[in-house]
There are 4 protein chains.
Amino acid sequence: MPETLISVDLKQSPYDNPKIHNRWHPDIPMACWVKPGDDFVLETFDWTGGFIKNNDSADDVRDIDLSTVHFLSGPVGVKGAEPGDLLVVDLLDIGAKDDSLWGFNGFFSKKNGGGFLTDHFPLAQKSIWDFHGMFTSSRHIPNVKFAGLIHPGLIGCLPDQKMLNMWNEREVEFIATQPDRVPPLANPPFAKTTHAGAATGDVKTKIENEGARTVPPREHGGNCDIKDLSRGSKIYFPVYVDGAGLSVGDLHFSQGDGEITFCGAIEMAGWVHMKVELIKGGMAKYGIKNPIFKPSPITPQYNDYLIFEGISVDEQGKQHYLDVNVAYRQACLNAIEYMTKFGYSRAQAYSILGTAPVQGHISGVVDIPNACATLWLPTGIFDFDINPTAAGPQKLVTPGFDMPLSQDL
Amino acid sequence: MPETLISVDLKQSPYDNPKIHNRWHPDIPMACWVKPGDDFVLETFDWTGGFIKNNDSADDVRDIDLSTVHFLSGPVGVKGAEPGDLLVVDLLDIGAKDDSLWGFNGFFSKKNGGGFLTDHFPLAQKSIWDFHGMFTSSRHIPNVKFAGLIHPGLIGCLPDQKMLNMWNEREVEFIATQPDRVPPLANPPFAKTTHAGAATGDVKTKIENEGARTVPPREHGGNCDIKDLSRGSKIYFPVYVDGAGLSVGDLHFSQGDGEITFCGAIEMAGWVHMKVELIKGGMAKYGIKNPIFKPSPITPQYNDYLIFEGISVDEQGKQHYLDVNVAYRQACLNAIEYMTKFGYSRAQAYSILGTAPVQGHISGVVDIPNACATLWLPTGIFDFDINPTAAGPQKLVTPGFDMPLSQDL
Amino acid sequence: MPETLISVDLKQSPYDNPKIHNRWHPDIPMACWVKPGDDFVLETFDWTGGFIKNNDSADDVRDIDLSTVHFLSGPVGVKGAEPGDLLVVDLLDIGAKDDSLWGFNGFFSKKNGGGFLTDHFPLAQKSIWDFHGMFTSSRHIPNVKFAGLIHPGLIGCLPDQKMLNMWNEREVEFIATQPDRVPPLANPPFAKTTHAGAATGDVKTKIENEGARTVPPREHGGNCDIKDLSRGSKIYFPVYVDGAGLSVGDLHFSQGDGEITFCGAIEMAGWVHMKVELIKGGMAKYGIKNPIFKPSPITPQYNDYLIFEGISVDEQGKQHYLDVNVAYRQACLNAIEYMTKFGYSRAQAYSILGTAPVQGHISGVVDIPNACATLWLPTGIFDFDINPTAAGPQKLVTPGFDMPLSQDL
Amino acid sequence: MPETLISVDLKQSPYDNPKIHNRWHPDIPMACWVKPGDDFVLETFDWTGGFIKNNDSADDVRDIDLSTVHFLSGPVGVKGAEPGDLLVVDLLDIGAKDDSLWGFNGFFSKKNGGGFLTDHFPLAQKSIWDFHGMFTSSRHIPNVKFAGLIHPGLIGCLPDQKMLNMWNEREVEFIATQPDRVPPLANPPFAKTTHAGAATGDVKTKIENEGARTVPPREHGGNCDIKDLSRGSKIYFPVYVDGAGLSVGDLHFSQGDGEITFCGAIEMAGWVHMKVELIKGGMAKYGIKNPIFKPSPITPQYNDYLIFEGISVDEQGKQHYLDVNVAYRQACLNAIEYMTKFGYSRAQAYSILGTAPVQGHISGVVDIPNACATLWLPTGIFDFDINPTAAGPQKLVTPGFDMPLSQDL
């Protein structure tokens, strides 16, 4: 039985747990230590630390203070790890906590972070997903069920001071180019809601002042939100500090490529069973800047897809230059429009794209001026046939269900 | 035996074949007519119409006049097709021509179109790929072999005059924002090298003056360069003109997501065996703007991947806002760097990313300010083990081979 | 949180748990009741009820009394189920018990049941497999690791009296054709070691006298040992008695097609999370005699295989008529011989065939006089390259490990 | 362009083509020679040499003289190949001949060879399958279409005299145990219909008298009828004579595991593009008795299955001891019964099992007295939903079609 090195009590505030932190900083004290070859379990809060509830109101999605996220478990010190090494992490298994067999997906209000389609869905909405063993379904979105491609949205090692400084500089400078933008271009360090783990005193103050926010993925990995970094996969992380300092959180029961709804995938509290090893000097040996990984041998197989194309001409007909974001947004909007023909609301369709094992491919990025992106919708997640036929679509979605919506205050 | 409705003679200029055209325009005469339910074969030139040769010099890649491309076979008129219908196309099979069992991949000079990594590879280079049944390998890039995911880079129906006008307006306006850019932002109509199919007289002149260039993918599909639109797939195309006017060309023996080398995939002359059917009024019934498709049941399975991450901080350390292009470029550069550790030149590694069945995923597009993209490199295409190990990489690539390079004139 | 309807204490004898039984009989009292649409958890003993231990001796494999097996959890009564219905069972998830994260595989002595290759491996041997999250490896068989295709070896509904009588008659008659055979042709009812669940008095006595042994698969399913009936699959069981009476046990962490080692797969104690529904009158509607099922969308992907052929000429060169058993035995022996060239002992190789996700296909059964069977060995389970090369095999298996063996007494 | 070393004219009798043979014998002259590393094309007749016609009568299936089959192309001599080597064959591609884009499947009369279910289908029947690029469908069996898993039913190297003698002895002895059986237990050498390739004079006579019939698979491979030995796979054949002598024929557009209909798969004339290499002394190095192979990376993906179980109790309720043949027969009969509920005739259902990419697994072979076999029916080959539902099956098969049947004379 592997040892649980970090436990979380979902009834407790994550701020009261010294083995949790919500910023990246080299001075966050190691929460525990392991040796290469060890396997162990870390429990995690959901990314909001329990703020979002299993109910039928989107008020919590509207009201959340995003400066508090993400609550991570760690850092785990690995004996012998030195800067320049690669930390090899096997995700042996991941699951929800037995007392919390549900997750949430939502859209933030445009005023509070928005999402990929925030101009189309500017208000807070929420769907709750129940877990049935390896499967999930939602009381807010009928006729869809799928197996979870369970993964951590956020995982990585602590930066050293030099990398941290670089992050802060480039992001603060970037914010300064449009300081009043809503949502903002990026998030600077923010002392008030910092959870510095077990740090106290001056160290804590330093972390509060300098700690990088956890929202973006960066060189160390971090909040990559890669759906394929799932249980069973093997990851090679750059090490920047002695002991590596591996932290993990933001578990997802399932997610579509892009995590387009931002709040987010199917977000859950849970646990990660992992094993660590080292490749000494691996960063230079393999020329590694960002993490690399190998996918799991055991992933859900939904191999029949309906594939939607999008090009980099936006909703207003404006031309963009090889812009994959615009192209993917069009592919997403095309898929949403298609799903409404079968009876889904636009919000339900958007949520399906954010939660189901949808693929987003960068199909063409050289054919000026249009990029081409494709969104792959797995047909097997629906309990009816969603393929086109000569007869045209039927309204096969069970009526009477929709996602809660909360008006901005 | 299905009828070959369009034949091409690779020794002949495509300009001499009236069933070929290289612009999009509603007035291009139908090259032939079929009925719904028919299956038939169209032969095609390679996209350059034979300009690139099977030799060991990149001069042709450097010198090509890109205003001549792409040479398409068609348009095929479908009886009964009307604007608003969906044309359902089954790609029953695709292959190289028996007298041309090879293809090319190259990088354009930055002065002549460049490519996704043109700042890193500014000069013309070329690799030749030989076909061995369903497999391919290159005399310029050792130790790699893979099965072809054969697909048309370019396929779609004729636009109507209204859509054509919209294309021309938005692209010409777009070019006007940076008229002197090299490479240009887009390509306007260009009379001199127009091939208007069987059109003559005033109609031909009109096509020369208005015909949309074939480079970008647009609402009708066109040059999508989607590697998964492969033989065995089924596509639903919007119909804009009576008879639909389906054209196809730019066949690829294999391509990585993004077609990042631009010149291009593994480009070949060949033939397409297809079947057509109609969904009357399908565009409105299904809310279709761009084509949708279903992938083939018969595609190469390279299921073990090494996955590289990239974020939207560019090579100079500059921050970009959720920019998938920048993120994917970093993932590509990370993969190239990795491959050099085993002995490949950077050009060889870049060419592998452009030709092999590499996946490019839009992994995260909401975690401000960084997008995260992933490049999936199939490990099974190499004849050595390219996975990381504790021992570090060995120089396992056979030395003495590289891609021809031609200096700019 | 689904309710655990049946719990097992691995320190307790299964005979002391009234919700366990080891015979099939319509009069075994329902251990609990559920409604269609319910999901719930059943814990199970390993098939031997804890007789085989996690140690390095095969004495327990040699000495086990096979009249005691299999210890099943149930029967679960389903309200409204009637003879002629189909009971639809979703295997939502399956796992090992947290206090028992290991399993065993072994060969019975030929005197005590033997196995598929008992003439080649006539003595008791054992290997222990540790579970590391979704993966397993053995301290007795180095250089091999794989993800578990977790499944119940044994699951089905209670027979009615008429079916039970038919089973007993045909098997007792069959035994009578070779009453002294070792191992026997089949196993008749056996009162002494019967566990009749919660039955008492005359009912218990009747079950002891008539209860069908659990070893063979029969019309109702039962001990099918189908590796693909794994977590995530959906099964349609014939119902013979009011309430159906669903029982399950004999959990396997992984198994090769055929369960050729008999003792058995990687056998474990654990739990099954399942959901039940009914198709009223489904047996007649669909012409169902034996269960049918749909495989899981989430199964380990080991897609690169080395495939061994065998024909129905036996080890002594004797010709058999289209006999798939003989052909599969040859394919197994061919695979074992091959693996020894890399350093495995024959016993280790045999155990790999019994435990790993090996496929066994009936390839040809009409080409008189030889059947052809194929054994598919997944190459990805080895940590070295087991493919043939021009250089010939290397002894890459770490020396110094083997499986415990116990001489017959 | 690979060279076509053996051409066949489908209008000609195979007996008139000296590069064809229909017996195995070491003295059959090499039809052509190649070097290791060469790739080349061999054209082949269908296995009957053109006897079965593309029409709507089963008379030809009833009347065929099975002593004439199989017409093989070869033998191909490989320079440097010596007894004890492994001949490595890459099946680079396989296809139908352009002038023969169809195939046949049938059931032999029980009097003329029968098939796996001959007691249930004792009369000659036939279905014709048309090829549409990579797909096939039949005018005799509606609502089913699938991609071809194209493969040679028969491929292997020439035996040496010692092996040939062993084959003849064991089969002749075997026939002698039931000399009057219909169909026979095996087929002895038969001079009259022998095609000895280019042999003449005494050599020809010797081949006529000793040449082993091509029906069964044997140690060298031969008529294995393994559906997964498909284009793209790599095979390692034992070499017994100088030059190896590789022959191939009996091409199948598609087949289910077991080739249960015997006549046979979807049988076709066509061509094989292959490459050969040698592993010197490979038989001893790897302990090879029968061929081994690796499957193709490019095979049709029909991953959703409905799986039928069968046990070794026969149609009359008789118990058999761990007999996989009986168990697989029950699984096949269960699948046929199920398909009839949707409107197929029993003959149509049987033909689907023989032609579609159906899997047959040896699921359990140790649980005395019952073997368990499973038949995997891919649901994606049907144009309607063939899964069980609470509503029960609908008669969705288009009525009015069936397979021609010919009464015995």
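Two residues are in contact if their C-beta atoms, placed from the backbone, lie within 7 Å. This is a predicted model, in which local features need pLDDT of at least 70 and side-chain atom pairs count only at pLDDT 80 or more, while totals for chains, interfaces and linings use all residues. Residues are numbered from 1 along each chain as its sequence is written, and chains are lettered from A and ligands numbered from 1 in the order in which they are written.

**Residue B:V144**

- Apart from its neighbours within four places in sequence, B:V144 is in contact with B:S137, B:I352, B:I381 and B:F382.
- B:V144 belongs to strand β10 (residues 141-147) of chain B; helices (H or I, at least four residues) and strands (E, at least two) are DSSP runs, numbered from the N terminus.
- B:V144 is buried because 22 other C-beta atoms lie within 10 Å, the cut-off for a buried residue being 20 or more other C-beta atoms within 10 Å of its own, with C-beta atoms placed from the backbone.
- B:V144 and B:D383 are 239 residues apart in sequence, yet their C-alpha atoms are 6.2 Å apart in space.

**The two domains of chain A**

- Chain A is divided into domain 1 (3-294) and domain 2 (305-397), with bounds that come from an automatic or database domain assignment.
- The C-alpha centres of these two domains of chain A lie 27 Å apart.
- Domain 1 of chain A gives 25 residues to the contact, and domain 2 of chain A gives 21 residues.
- On the side of domain 1 of chain A that touches domain 2 of chain A, β10(A) supplies the largest share, six residues.
- That side of domain 1 of chain A has twelve nonpolar, nine polar and four charged residues; Ala, Val, Leu, Ile, Met, Phe, Trp, Tyr, Cys and Pro count as nonpolar, Asp, Glu, Lys and Arg as charged, and the others, Gly among them, as polar.

**Chains C and D**

- In this interface, 76 residues of chain C are in contact with 75 residues of chain D.
- The side of chain C that touches chain D comprises 40 nonpolar, 21 polar and 15 charged residues.
- β20(C) pairs with strand β18 (residues 292-294) of chain D in the antiparallel sense over two bridges; two strands pair if DSSP finds at least two bridges between them.
- C:I307 stands opposite D:F293 in β18(D).

**Chains D and B**

- Here 22 residues of chain D are in contact with 22 residues of chain B.
- The largest share of the side of chain D that touches chain B, three residues, is provided by β19(D).
- Strand β19 (residues 298-300) of chain B is joined to β19(D) by three bridges, and the two run antiparallel.
- B:P300 stands opposite D:I298 in β19(D).

Technical notes:
Buried ≥ 20, exposed ≤ 12 C-beta atoms within 10 Å, placed from the backbone.
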